[in-house]
Amino acid sequence: VVEDQKLIDEVTEVFKQENPDQVKNDPNFKNMFRNAPNIICICTPAEGGGELEAGLFAGNVVTAAQSMGLGTCCLGGAPEFLRTCEKARFFVERLDIPSDYKPTLVIAVGYPDEKPDFKPRDESKVKFIK
């Protein structure tokens with residue numbers, strides 16, 4: 001769990017340098033974690049495996065956070081950036097992740113700016129087998 005705003009700001013500066021078009025196209029951009037003040041980094045074995053369990057864990061974290069009035073966003077691009085950008089290595093090192101593990105998912109956590117209504121299910125995307 002990362003609550004250190006300075007650390008989030010530092011890795012965001014690297015992200016901005018490496019992805020200027022993405023930042024420029026988002027007028028609300030504050031940080032690379034969808035502007036959340038806190039993140040949860042979920043890791044899995046570096047050699048593979050554990051992704052399903054990570055996803056199930058993330059779903060439980062998101063549900064628990066929502067029950068406490070928090071907003072969340074599960075991010076896949078952020079850990080990809082953290083794994084592949086050499087300039088962002090300091091961030092992963094600061095998390096003290098064992099060398100045989102890798103960041104797989106990041107959950108952005110904060111208080112939501114909005115509470116949109118749920119969208120109705122698009123029945124054209126659901127196949128019912130009777």
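**Reading the labels**

Tutor: From the N terminus on, the elements of the chain run α-α-β-α-β-α-α-β. That gives five helices and three strands. Keep in mind that this is a predicted model: local features need pLDDT of at least 70, side-chain atom pairs count only at pLDDT 80 or more, and totals for chains, interfaces and linings use all residues. Residues are numbered from 1 along each chain as its sequence is written, and side-chain values use heavy atoms, with hydrogens and water left out.

Student: What makes a stretch a helix or a strand here?

Tutor: Both are DSSP runs, numbered from the N terminus: a helix is H or I with at least four residues, a strand is E with at least two. Helix 1 covers residues 5-18 and helix 2 covers residues 20-24.

Student: What is the mean pLDDT of the chain?

Tutor: pLDDT is the predictor's confidence in each residue, from 0 to 100. The mean for the chain is 95, and 100% of its residues reach 70 or more. Among the elements, helix 2 has the lowest mean (94) and helix 1 the highest (98).

Student: Why is Phe 81 called buried?

Tutor: Buried means under 20% relative accessible area, exposed means over 50%, and partly exposed is in between (1.4 Å probe, protein chains only). Phe 81 has 10%, so it is buried. Phe 81 lies in helix 4. Of the 130 residues of the chain, 32% count as buried.

Student: How do you know which residues Phe 81 touches?

Tutor: Contact means heavy atoms within 4.5 Å. Not counting residues up to four places away in sequence, Phe 81 touches Val 14, Phe 15, Glu 18, Asn 19, Met 32 and Ala 88. Met 32, leaving aside its own neighbours within four places, has contacts including Val 11, Leu 75 and Phe 81.

Student: What makes a group of residues a nonpolar core?

Tutor: The members must be buried Ala, Val, Leu, Ile, Met, Phe, Trp, Tyr or Cys residues, joined through side-chain atoms within 4.5 Å. The largest such core has 24 residues, and Met 32, Phe 33, Phe 81, Leu 82 and Phe 91 touch the most other members. Helix 1 gives the most to this core, with five residues. Apart from it lies another core, of eight residues, among them Ile 40 and Val 61.

Student: Which residues of the lining are closest to the centre of the largest pocket?

Tutor: A pocket is an open set of points on a 1 Å grid over the protein atoms alone, where a 1.4 Å probe fits, with protein on both sides within 12 Å along at least five of seven lines; lining residues have an atom within 4 Å of a point. Of the 25 lining residues, the closest to the centre are Gly 71, Thr 72, Pro 112, Asp 113 and Glu 114.
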